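Please look through the sequence and the model below before reading my points.

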Amino acid sequence: MSFCFNFDVPAQTTHTGNIDGNYSQGGEKDSAAQSTDDTTKPAEPVKEAKKHLPPSDLQFLPVDAVFETVSIGTLPPLHFLNETVFEKTASEREDWERIFSLSAEQKSDLISGVYEGGLKVWECTYDLLELIEKQEATFGGKAVLDLGCGAGLLGILALKRRARQVHFQDYNSTVIEQLTVPNVILNCQTDDEADSKNYKEGRGKGKTEKEADCEMTKDREELTDCSPPPKKRAVDLSQHPLLPKCCFFSGDWSTFLALVLQTDPPPKYDIIFTSETIYNTAYYSVLHETLHKLLAPDGLVYLATKSHYFGVGGGLHLFKNFVEQKGIFSVDHLWDGEEGLQRHIVALRFKTAKGS
Ligand SMILES: C[S@@+](CC[C@H](N)C(=O)[O-])C[C@H]1O[C@@H](n2cnc3c(N)ncnc32)[C@H](O)[C@@H]1O
């Protein structure tokens with residue numbers, strides 16, 4: 001299965017227009033689309049939110065699971081399952097959401113309303129990791145949400161940097177169960193152990209998506225060579241201090257928000273990370289509502305994004321317009337990349353200290 005790194009949305013998928021109905025499939029935006037109307041909801045029924053309990057007893061990871069490690073400056077190394085693991089083992093995996101089969105069939109890593117792209121690490125995540133490294137940001141004692149987490153690297157970093165609590169949310173439960181949770185487990189093992197098994201020197205170091213592709217190619221070759229089925233290794237997580245700090249959620253943001261608001265007291269996050277999540281204007285309203293309701297009064301949202309998502313239509317300009325119209329958050333640019341397709345990191349904070 002070869003994934004294409006694009007945002008083409010096939011005509012039969014649920015996303016056929018933007019919130020004003022004046023967006024063209026090719027990603028060209030009508031000037032009227034700049035004024036966003038938040039009353040339009042995604043056309044299809046939303047994916048019901050689900051809480052996935054953190055693993056508490058023996059868990060099993062393939063001994064020879066191919067994983068990559070990203071090491072950026074002084075950040076702790078972050079391990080994650082290689083995308084090729086999924087390509088090679090797709091047919092053996094639970095796929096009731098049909099994200100493996102459909103993304104392979106449609107050769108796309110985004111199928112709006114079905115699969116929202118969580119199986120790979122998107123490049124803005126690397127930008128944000130680099131910014132965190134430069135800022136020397138630590139998360140001691142903070143409550144953190146990795147919203148639209150995919151592989152969960154940002155949340156895992158916060159976990160390793162002593163966050164009090166880290167919640168991970170992804171649209172697809174398959175992503176949570178087969179990627180995010182295993183990645184957390186992988187990182188809960190000591191880095192020494194992980195390094196001795198699989199980590200190749202220099203691998204994943206501050207890499208771009210292109211470099212990552214090259215490494216995936218290497219891994220693909222390695223996988224082709226190894227014929228015996230993967231053995232499993234038991235990892236005892238019952239005593240691990242980091243696991244109880246984690247919570248995992250899947251589902252659409254609207255039902256995720258409703259679900260977490262039922263908890264007593266409802267969570268308020270000091271930090272919300274959200275990377276490559278503003279490509280679809282149809283979700284701006286519910287995304288904004290989620291940030292509004294879940295950010296602590298003096299909390300901070302780190303939003304990492306491309307300027308524009310061709311084929312889908314969203315991007316930073318439209319999202320900033322939307323946020324401005326709402327009047328709840330201020331938006332400050334923390335980093336603006338110049339190369340190729342422009343990428344940015346912005347911070348959202350409540351305009352008023354009270355956050356309401
Ligand atoms: C392109 S992926 C980015 C994954 C990861 N943050 C990264 O940078 O590698 C977009 C993520 O946004 C989330 N997402 C997008 N639309 C969503 C929606 N309407 N409800 C819930 N999650 C959504 C999905 O979980 C998906 O994994």
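1. A polar side-chain atom of D252 is 3.4 Å from a nitrogen atom of the ligand. The protein covers 99% of the 590 Å² of accessible area that the ligand has on its own (Shrake-Rupley method, 1.4 Å probe).

2. This is a predicted model, in which local features need pLDDT of at least 70 and side-chain atom pairs pLDDT 80 or more, while totals for chains, interfaces and linings use all residues. Residues are numbered from 1 along each chain as its sequence is written, and side-chain values use heavy atoms, without hydrogens and water.

3. How many residues surround the ligand? There are 20, the closest being W122, T125, G148, D170 and Y171 (a heavy atom within 4 Å counts as near). This shell divides into seven nonpolar, eight polar and five charged residues, with Gly counted as polar and Asp, Glu, Lys and Arg as charged.

4. Eleven salt bridges are counted (a side-chain nitrogen of Lys or Arg within 4 Å of a carboxyl oxygen of Asp or Glu). One of them joins K120 and D109, 3.5 Å from N to O.

5. E105 forms another salt bridge with R98, their closest N and O atoms 4.0 Å apart. E105 is exposed at 56% relative accessible area, and R98 is partly exposed at 42% (buried is under 20%, exposed over 50%, partly exposed in between, with a 1.4 Å probe and protein chains only).

Methods: A polar contact is a pair of N or O atoms within 3.5 Å; within protein, one must be able to donate a hydrogen and the other to accept it, and residues adjacent in sequence count only if both atoms are side-chain atoms.
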